[in-house]
Amino acid sequence: MPPGDVLPPDRQPVIIAARRTAVRRANGALKELRAHQLLAPVLANLLADTHVPAEEVTDVVIGNAVGGGGNVARLALLEAGLPVAVPGLTVDRQCGSGLDAIALATRLVAAGGNPLYIAGGVESISTAPLRAHRNDDGEPEFFARAQFVPHSFGDPDMGVAAENVAARFTVGRERQDASALRSHRRALAAAEAGFFAGEITTLETSAGPISADDGPRHGLTAAVLKRFPPAFVPGGTVTAGNSCFDADAASAVVVTSLQRARELGATDGLLVLATDTAGVDPELLGIGAAVAAERLLKARGLAAASVDLVEFNEAFASQTLACLDRLGIDPDRVNLDGGALALGHAYGASGAVLVTRLLAQARRAGNHGSLALALISIAGGMGTAALLRYELLSGAY
């Protein structure tokens, strides 16, 4: 793309560093750590990676979906040792929270002033508080999940919506299972090759340090996947095998202007070219990411085929394949190191994990000027997409 397709250097957002924790099954190895305790080491690592003095951080913007409130961004940054002068902002767009927190930070950078943000997401499903409505008599009525939309819209559970998408867009069981198997095999290969090592912040627990994902399954085969029964609708195609599992994790990035990045000595990064969030029919909520991406790409005059790297949050294989089919993207080109079907879905953190993975993949490929796309569908009938470009920052862009 020519220089005119980006903003002036003092307002062009760029991501210069990204980190995540290991993504671990909920109620597993990270169950003793609350959300701010998951996130704080990530924030500290990002400052160390970039050599940014903590007092120069403008704000910390963090996505979270099922936490207990209280502004987890502020809690985590103070836990990480940032000075009290640094504020914090917590964003809730459910599954999209982490990516939308990054999008918000990039828009703040584009407003000017050469600020520096840490943005991302965190979720501790293991320690999420029990939730209840207060009845007329004052007694609590506990509920498993928040209401996403008015009941007149159906307010389907995520698995039911995944079945709706599978049926509407003709995504069969065989394709879903194949997608899940590909995700696990790629994640296992990436871990064995050491591709995750540089992006994972080690967490200390009473059982010892945690620095590796626990989701990818060595023994998974097509035959094993075929034995899983429908999980949400009798006679359906969506199973526990081709759906993600709930996970605990945190992930965040450093977002600043291109000018400030160069002043800090950053050598490369992901220029954020555009972000978009779209609303769709809540009964088909899994298709939201594709609608957001369509609008984003159309506005830039780009075809999906021109994007080099794609990370899609695989909450369900059915919605992943439906979105990629609609965009005309070959699933073999997506989630090169596996996705949430293998690694797990840590709600508010997952969108930030996508960006962390894209930066790692772009650096590994080393293709100056390559385009990257992050995609996530969201509960309630929404989807967010972000278009990025990998650049070496030492010279003119």
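Helices (H or I, at least four residues) and strands (E, at least two) are DSSP runs, numbered from the N terminus. Residues 14-257 carry the UniProt annotation "domain: Thiolase N-terminal", from an unreviewed entry; UniProt positions are given in the numbering used here, with shortened feature names, and annotations may be inferred rather than shown by experiment. The model is predicted: local features need pLDDT of at least 70 and side-chain atom pairs count only at pLDDT 80 or more, while totals for chains, interfaces and linings use all residues. Residues are numbered from 1 along each chain as its sequence is written, and side-chain values use heavy atoms, with hydrogens and water left out.

Grid points are joined across faces, edges and corners, and a volume is the space filled by probe spheres set on the points. The count comes to two cavities of 30 Å³ or more.

The largest cavity holds about 120 Å³ of space. It is lined by 14 residues, of which Asn-313, Ala-340, Leu-343, Gly-344 and Val-353 are the closest to its centre. Both α10 (340-343) and α11 (350-365) supply at least two residues of this lining, and the largest share, four residues, comes from α11. By class, the lining of the largest cavity has seven nonpolar, five polar and two charged residues (Ala, Val, Leu, Ile, Met, Phe, Trp, Tyr, Cys and Pro count as nonpolar, Asp, Glu, Lys and Arg as charged, and the others, Gly among them, as polar).

The second largest cavity holds about 80 Å³. Its lining includes Ser-179, Arg-182, Ser-183, Arg-186, Glu-314 and Thr-320. Two or more lining residues come from each of α5 (173-193) and α9 (317-327), with α5 giving the largest share, four residues. This lining divides into three nonpolar, six polar and three charged residues.

With a disulfide taken as a pair of cysteine sulfur atoms within 2.5 Å, the count comes to zero disulfides. The sulfur of Cys-244 is 8.1 Å from the closest cysteine sulfur, in Cys-95, which is too far for a bond. For Cys-323, also in no disulfide, the nearest cysteine sulfur is that of Cys-95, 13 Å away. Cys-323 has 0% relative accessibility and therefore counts as buried (under 20% relative accessible area, with a 1.4 Å probe and protein chains only).

Technical notes: 1 Å grid on protein atoms, 1.4 Å probe; cavity = no way out; pocket = protein on both sides within 12 Å on 5 of 7 lines; lining within 4 Å. Buried < 20%, exposed > 50% of the residue type's maximum accessible area, 1.4 Å probe, protein only.
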